[in-house]
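Take a first walk through this fold.

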Amino acid sequence: MVRVALRLLGFELKGLAAIGLWVLRRRHGVPPGATAVPYAKEQAFVLTLFSFAMAVETVVIDLLLVALDVPAWLRFGVLIADLYGLLYVATTAAACATRPHVVTRDELLIRYGAYFELRVPRDLVTAVRAGGSYNEDSMVTVKDGRLTVAVSSRVNVAIELAEPLTVVRPLGRRAEVTSIRFFADSPDAVLAALRSGETARS
């Protein structure tokens, strides 16, 4: 339980740092000469819409609680919870925008915001192809040796590995996988970078 709590705290801190990077228009973990592969565009509209709805809800509920003359402690408790929800959406959006997938000469780094990161050595990749799925249930799942990292329930890139690779899921559970599916705004950029001997900065 303590380990899970520490991981959740780490996500929060990384998310807050991502907002700073977002404001400064910088990216995390993209070294010179690497290819950054964004994946945030797919969910940007949904997150924006969700943020707007939550902001309106926060104002309406606060006005309603004032009109009903509820105790101040309850009103402020609800307000803090609503504001935290807005902050959560903002940190998720910022982390996804500033922590893209990355292809270097040696590895493929697959990420989802502050919540997931997997380094795949390029010499383990035996096949890579574009292929879509639109009905994934969760952000990060492992089933039958296959890792899925979805964005808005979508994946569009699949890779096969020469041998099992250990995956650490967001809450710390480990699993072995031999294939990976994930989403990229431009799957062709991933295919081109992995199929070439060189990588170019995006």
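Leaving aside neighbours within four places in sequence, which residues is Leu 147 in contact with? The residues are Phe 116, Leu 118, Val 140, Thr 141, Val 142, Val 167, Val 177, Ser 179, Ile 180 and Arg 181. Contact here means heavy atoms within 4.5 Å.

A word on the source. This is a predicted model, where local features need pLDDT of at least 70, side-chain atom pairs count only at pLDDT 80 or more, and totals for chains, interfaces and linings use all residues. Residues are numbered from 1 along each chain as its sequence is written, and side-chain values use heavy atoms, with hydrogens and water left out.

How confident is the predictor? The average pLDDT (the predictor's confidence in each residue, from 0 to 100) is 92 for the protein. A score of at least 70 is reached by 97% of the residues. Residues 198–202 stay under 50, and the model gives them 21 contacts beyond four places in sequence. Where pLDDT is low, the predicted coordinates should not be read in detail.

Leu 147 is among the residues with the most contacts inside the largest nonpolar core, which has 34 residues. Such a core is a set of buried Ala, Val, Leu, Ile, Met, Phe, Trp, Tyr and Cys residues joined through side-chain atoms within 4.5 Å. Buried means under 20% relative accessible area, exposed over 50%, and partly exposed in between, with a 1.4 Å probe and protein chains only. The largest share of this core, 5 residues, comes from β8. A second, separate core has 5 residues, including Val 30 and Leu 109.

Ser 179 lies in strand β9, residues 174–182. Helices (H or I, at least four residues) and strands (E, at least two) are DSSP runs, numbered from the N terminus. Ser 179 counts as buried because its relative accessible area is 11%. Beyond four places in sequence, Ser 179 touches Gly 145, Arg 146, Leu 147, Ile 159 and Glu 160.

Helix α1 holds Ala 17. Ala 17 is partly exposed, at 47% relative accessibility.

Last, helix α2 (41–67) and its neighbours in the list α1 (2–23) and α3 (72–98) each supply at least two residues of the lining of the largest pocket. α2 gives the most, with 4 residues.
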